[in-house]
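Here is a short report on one chain. Have the sequence and the 3D view at hand while reading.

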Amino acid sequence: QVQLLESGGGLVQAGGSLRLSCAASGTIFSINSMGWYRQAPGKQRELVATATRGGSTNYADSAKGRFTISRDNAKNTAYLEMNSLKPEDTAVYYCNAENVISGRIAYLEVWGQGTLVTVSS
């Protein structure tokens, strides 16, 4: 069974930085895409950033220039470096992995439990 464990959330003042980590556990052969999504209170879950195994990245407009996603394929881990944080970045951040090959099982999508990021003004 493949699981994703996020860490690094917390409380930070506006203008500050946080680094989120997402570690995939289990017997994993490959993960095509890993990404971060977020859900603010009363809002739908939205894309923040994704990164493919080959290194291609995609960012939401709100994240461009402030957030950086990276991956360590050998460790099956993804990171999200968040700078210049704003109160509107407050949300639960979820890690996502797509097309995960684990032994003879292929998972189309796996989600983590989420980590709370709170940005105070």
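The report covers the disulfide, a loop residue beside it, a sheet and the nonpolar core.

The model is predicted.

**Disulfide**

There is 1 disulfide in the structure. Cys22 and Cys95 form it, with their sulfur atoms 2.0 Å apart. Distant parts of the chain are linked by this pair: Cys22 sits in strand β3 (residues 18-25) and Cys95 in strand β9 (residues 91-102), 73 residues apart. Which hand does the disulfide of Cys22 and Cys95 have? The torsion about the S-S bond is about -80°, so the disulfide is left-handed.

Are these cysteines buried or exposed? The cut-off for buried is under 20% relative accessible area. Cys22 has 0% relative accessibility, so Cys22 counts as buried. Cys95 also has 0%, and therefore counts as buried.

| Residue | Relative accessibility | Class |
|---|---|---|
| Cys22 | 0% | buried |
| Cys95 | 0% | buried |
| Asn76 | 13% | buried |

**Asn76**

Asn76 lies in the loop between β7 (67-72) and β8 (77-82). With 13% relative accessibility, Asn76 counts as buried. What does Asn76 touch, not counting residues up to four places away in sequence? The list is Cys22, Ala23, Ala24, Ile28, Ile31 and Met34.

**Sheet**

An open sheet is formed by 4 strands, in the order β1-β3-β8-β7. The pairing is antiparallel. β1 (3-7) and β7 are the edge strands, and each pairs on one side only. From one strand to the next, the twist averages 15°. Strands of a sheet pair through backbone hydrogen bonds. Between β1 and β3 there are 5 bridges. Ser7 stands opposite Ser21 in β3.

**Nonpolar core**

In soluble globular proteins, nonpolar side chains tend to be buried together. Here the largest nonpolar core has 31 residues. Which of them touch the most other members? They are Trp36, Val48, Phe67, Leu80, Met82 and Tyr93. Two or more residues each come from β3, β4 (30-39), β5 (46-52), β7, β8, β9 and β11 (115-120). β9 gives the largest share, 5 residues.

Terms used:
Residues are numbered from 1 along each chain as its sequence is written. This is a predicted model: local features need pLDDT of at least 70, side-chain atom pairs count only at pLDDT 80 or more; totals for chains, interfaces and linings use all residues. Side-chain values use heavy atoms; hydrogens and water are left out. A disulfide is a pair of cysteine sulfur atoms within 2.5 Å. Buried means under 20% relative accessible area, exposed over 50%, partly exposed in between (1.4 Å probe, protein chains only). Contact means heavy atoms within 4.5 Å. Two strands pair if DSSP finds at least two bridges between them. Axes are lines fitted to C-alpha atoms, for helices over the stretch in contact, and angles run from 0 to 180 degrees between N-to-C directions. A nonpolar core is a set of buried Ala, Val, Leu, Ile, Met, Phe, Trp, Tyr and Cys residues joined through side-chain atoms within 4.5 Å.
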